[in-house]
Amino acid sequence: MEAEQKKRVVVVGGGIAGANTVRALENYADVTLIDPKEYFEIPWAKLRCTVEPKFGERSMFLHSEYLKKATLIMSAVTGATQDAVITASGKQVKYDYLVLATGTPYAGPPSKAQRIKHYQADNQKIKNAKTVLIIGGGPTGVELAGEIAVDFPEKKVILLHSGSRLLEFVGEKASRKTLAWLNAKNVKVHLNERIDLKSISETTISFTTTSGKTIIADCHFVCIGKKSGSSWIKDSVFEYAMDERGQLKVDSNLRVEGTTNVFAAGDIINVKELKQGMCAQKHAQVVADNIKKLSKDPNHTKLSTYKASPDIAMVSLGRNIAVGQFPFGTFCGRLPGMLKSKDLFVGPTRKGFGLKS
């Protein structure tokens with residue numbers, strides 16, 4: 001296919017879904033990635049970087065390191081029309097096919113060096129503290145508690161969660177095993193407790209829960225769930241496809257409802273499954289395959305379909321242990337830890353992007 005005949009594919013968002021889509025298509029189309037940062041970050045490795053900032057040297061890499069032919073535009077996106085994406089500077093980027101993969105809102109710095117400094121600052125905050133408060137008992141809060149408890153066993157760690165059990169997105173057995181492990185590591189867990197986040201700041205050391213309990217901590221981390229990174233879509237022609245949670249409605253081919261050339265992937269779509277990287281990678285495969293097929297034949301009738309993934313989850317508990325929920329059972333210990341916790345899949349992920357592990 002001659003270069004001038006290649007279809008223009010614009011991918012918005014450089015996370016798991018977006019980056020994998022770009023990598024799969026850059027040899028077949030004229031691909032442009034639009035992302036507000038210069039680097040790709042492996043999302044499930046972020047918490048290890050908090051206790052070991054140098055880990056970020058491997059878990060983050062520049063888009064330019066894996067992109068061979070695609071064009072990178074470093075910018076936020078403010079809207080989209082039927083044939084173009086509008087960047088923060090007002091630039092219109094034309095497309096034949098569009099992939100929306102903005103995941104969850106990103107508020108981090110644009111450069112890798114700045115991101116590592118951010119982790120170094122968090123790491124120093126932990127080192128200087130005697131007591132660390134973690135607000136939120138989902139996977140992020142639990143994994144952070146585990147990382148700190150293992151790497152800084154002398155610290156007092158308090159985990160506060162608004163729900164009746166930890167990790168409510170998985171089964172009760174996984175929750176019980178996780179709580180037992182945290183208790184064994186002297187992590188103090190408070191369930192059914194909330195803190196008004198509007199009432200605290202970075203320097204707050206005294207926290208009052210909604211039940212009136214007072215918690216004293218030298219530093220804190222807020223680890224509550226994030227909404228979909230779709231607010232910009234409200235100013236686009238695809239606003240009609242957003243559901244009440246801000247997620248995009250897609251068909252079985254992962255095309256945005258009511259379109260033939262616009263796809264969506266990752267945490268932004270309304271497929272009923274756990275929001276995790278493994279699923280986003282599968283979304284990217286389906287999207288890339290369908291764009292290849294449609295580029296050859298716009299009337300292609302045998303497009304690839306996506307089926308929601310089963311509820312498989314692994315949550316790291318420090319460097320060697322993990323709790324894993326699989327269709328055949330729930331396990332907590334070194335076996336699931338061997339699968340995830342030691343390297344957090346960083347090596348295989350880097351290899352998948354054509355980089356040294």
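**Notes on a predicted model**

Q: Where is isoleucine 224 found?
A: Isoleucine 224 is in the loop between β15 (219-222) and β16 (262-264). Keep in mind that this is a predicted model.

Q: Is isoleucine 224 buried, exposed or partly exposed?
A: Isoleucine 224 is partly exposed, at a relative accessible area of 45%.

Q: Which residues make the nonpolar surface patch?
A: Leu197, Val222 and Ile224 make the patch, which covers about 230 Å².

Q: Changing topic. How many disulfides does the count come to?
A: The count comes to 0 disulfides. Cysteine 219 is in none, and the nearest cysteine sulfur, on cysteine 223, is 11 Å away. Cysteine 223 is likewise in no disulfide, its nearest cysteine sulfur being that of cysteine 219, at 11 Å.

Q: OK, salt bridges. How many are there by the count?
A: The count comes to 16 salt bridges. One of them joins aspartate 96 and arginine 8, at 3.1 Å from N to O.

Q: Where do aspartate 96 and arginine 8 lie?
A: Aspartate 96 is in the loop between β8 (92-94) and β9 (97-100), while arginine 8 is in strand β1 (residues 8-12). The pair therefore ties together parts that are 88 residues apart in sequence.

Q: Are aspartate 96 and arginine 8 buried, exposed or partly exposed?
A: Aspartate 96 is partly exposed, with a relative accessible area of 25%. Arginine 8 is partly exposed as well, at 34%.

Q: What about aspartate 83, which side chain does it meet in a salt bridge?
A: Aspartate 83 meets lysine 94, at 3.3 Å from N to O. This pair links distant parts of the chain, 11 residues apart: aspartate 83 is in the loop between β6 (77-80) and β7 (84-87), and lysine 94 is in strand β8. Aspartate 83 is partly exposed, with a relative accessible area of 36%, and lysine 94 is partly exposed with 40%.

Q: Which residues do salt bridges with shared partners join into one network?
A: Glu52, Asp151 and Arg319 are joined into one network that way.

Q: Which side chain does lysine 37 meet in a salt bridge?
A: Lysine 37 meets aspartate 35, with 3.0 Å from N to O. Aspartate 35 is buried, at a relative accessible area of 3%, and lysine 37 counts as buried at 9% relative accessibility.

Q: Which ring face does lysine 37 lie over?
A: Lysine 37 lies over the face of tyrosine 39, at 5.9 Å from the ring centre.

Q: And arginine 48, which ring does its charged end sit over?
A: The charged end of arginine 48 sits over the ring of phenylalanine 55, 5.8 Å from its centre.

Q: On to ring pairs. How many aromatic pairs are found in the whole structure?
A: The search finds 8 aromatic pairs. Among them is phenylalanine 326 with phenylalanine 331, a tilted pair with centres 6.3 Å apart and 45 degrees between the planes.

Q: Why is that pair called tilted?
A: Because planes under 30 degrees apart count as stacked and those over 60 as edge-to-face, with the rest tilted; the angle here is 45 degrees.

Q: Phenylalanine 326, buried or exposed?
A: Phenylalanine 326 is buried, with a relative accessible area of 17%.

Q: Which residues do ring pairs link into a cluster?
A: Phe40, Phe61, Tyr66 and Phe353 are linked into a cluster.

Q: Backbone next. What is the phi of asparagine 192?
A: Asparagine 192 has a positive phi of about 55 degrees, although it is not a glycine. Asparagine 192 lies in the loop between β12 and β13 (206-208) and is exposed, with a relative accessible area of 51%.

Q: And the phi of leucine 344?
A: Leucine 344 also has a positive phi of about 55 degrees, and it is not a glycine. Leucine 344 is in the loop between α9 (334-339) and α10 (346-352). Leucine 344 is buried, at a relative accessible area of 1%.

Q: Last one. Which strand does lysine 188 lie in?
A: Lysine 188 lies in strand β12 (residues 188-190) and counts as partly exposed at 46% relative accessibility. The C-alpha atoms of lysine 188 and leucine 159 are separated by 6.1 Å, with the two residues 29 apart along the chain.

Methods
Residues are numbered from 1 along each chain as its sequence is written. This is a predicted model: local features need pLDDT of at least 70, side-chain atom pairs count only at pLDDT 80 or more; totals for chains, interfaces and linings use all residues. Side-chain values use heavy atoms; hydrogens and water are left out. Patches are made of residues with over 30% relative accessible area and no salt bridge: like charges are joined within 9 Å, nonpolar side chains (Val, Leu, Ile, Met, Phe, Trp, Tyr) within 5 Å. Accessible areas come from the Shrake-Rupley method with a 1.4 Å probe; for residues, only the protein chains shown count as cover. A salt bridge is a side-chain nitrogen of Lys or Arg within 4 Å of a carboxyl oxygen of Asp or Glu. Helices (H or I, at least four residues) and strands (E, at least two) are DSSP runs, numbered from the N terminus. Buried means under 20% relative accessible area, exposed over 50%, partly exposed in between (1.4 Å probe, protein chains only). A disulfide is a pair of cysteine sulfur atoms within 2.5 Å. Rings of Phe, Tyr and Trp (its six-membered ring) pair if their centres lie within 6.5 Å; planes under 30 degrees apart count as stacked, over 60 as edge-to-face and the rest as tilted. A charge sits over a ring if NZ of Lys or CZ of Arg is within 6 Å of the ring centre and within 35 degrees of the ring normal.
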